[in-house]
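Subject: Structure handover

Hello,

Here is the structure we spoke about, with notes on what turned up in it. Please read the notes with the model open.

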Amino acid sequence: MIKDWFKYWFNSHHYFLLYQNRNEEEAEQFFSLVKKYVPIKSDWKILDFCCGYGRLSKVIAKKGYKVTGLDLSENFIKRAFEESRKENLQIEFIQCDAREFNEAEKYHLGISFFTSFGYFSDEENELTFKNLVKSIIKDGWLVFDYFNADFVQKNLNEKEDFEFDGLLINITRTIEGNRINKIIKINSATGEEEYIESVRIYSFAELEKLFVKNGLIIKNVFGDYSGNELTENSPRVIIIAQKK
């Protein structure tokens, strides 16, 4: 495992350039699925756990719900705050390491959207998940969205080269043990910069075990944001569970 890769990559000025296509439409579709299967009430407090630059938080706030976004990245939180303020959205954003997050039974619904998990060692990942569960009230809900290990392993795009905004981008992906590692090289007129992503591969069986271990009862499982069933060809694993 490449330690603390996220501190450099998520705070880099290049991250937003490469992933600007991740828009609110995807977050809208995901939250529509959540609303269909979770009985959200108007006074609920919702936690967007590891919220990135807040695209899901903004969607939730626009629906009239109280939402708190939490993330480690200073750049993400700054951008999320600035964008929500421009749109007059009342969202609380907290800069915090998920491994140190400690808010007991405060939220009615906790959401982990778009693989915002699996960045650490197995022990730290479990601690992070435990912290998320702990922040949810009894009988509250958790929605967890992760990449589907079967799909990714079968469809891994090992090498990618393209030009973007005057930059030459080289991306290499490898599976090493139980992690997917991505090396991103960015060449510009001023030189080359290199970043790394390293995310734990969790099978559905492993995720299911993690949910049961933390006192969660799984209510629904889907394979994409449209709500189709999970198969080995599904791009996502979306788990909706209730805390008992």
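F113 and Y225 are both buried (under 20% relative accessible area; over 50% is exposed and anything in between partly exposed, with a 1.4 Å probe and protein chains only). Their ring centres lie 6.0 Å apart and the planes meet at 40 degrees, so this is a tilted pair. Rings of Phe, Tyr and Trp (its six-membered ring) pair if their centres are within 6.5 Å; planes under 30 degrees apart are stacked, those over 60 edge-to-face, and the rest tilted. The pair joins distant parts of the chain, 112 residues apart: F113 is in the loop between β4 (107-112) and α6 (122-134), and Y225 is in the loop between β10 (216-222) and β11 (236-243). Helices (H or I, at least four residues) and strands (E, at least two) are DSSP runs, numbered from the N terminus.

On conventions: this is a predicted model, in which local features need pLDDT of at least 70 and side-chain atom pairs count only at pLDDT 80 or more, while totals for chains, interfaces and linings use all residues. Residues are numbered from 1 along each chain as its sequence is written, and side-chain values use heavy atoms, leaving out hydrogens and water.

Back to the rings. Y146 and Y202 make an edge-to-face pair, with 6.0 Å between centres and 70 degrees between planes. Y146 is in strand β5 (residues 136-147) and Y202 in the loop between β9 and α8 (204-213), 56 residues apart. Y146 has a relative accessible area of 0% and is therefore buried; Y202 also counts as buried, at 7%.

In total, there are 30 aromatic pairs by this rule. One aromatic cluster consists of W5, F6, W9, F10, Y15, Y53, F76, Y119, F120 and Y195. Two arginines sit over rings named in that cluster: R79 over the face of Y53, at 5.0 Å from the ring centre, and the charged end of R99 over F120, at 4.1 Å. The criterion is NZ of Lys or CZ of Arg within 6 Å of the ring centre and within 35 degrees of the ring normal.

Lastly, the sheet. It is open, with 4 strands in the order β6-β7-β8-β9 and antiparallel pairing (strands pair if DSSP finds at least two bridges between them). β6 (159-164) and β9 (191-200) are at the edges with a single partner strand each, so one side of each has no neighbour in the sheet. The twist averages 15 degrees from one strand to the next, with axes fitted to C-alpha atoms (for helices over the stretch in contact) and angles from 0 to 180 degrees between N-to-C directions. β6 pairs with β7 (residues 167-176) over 6 bridges, and K159 has T172 in β7 as its bridge partner.

Regards
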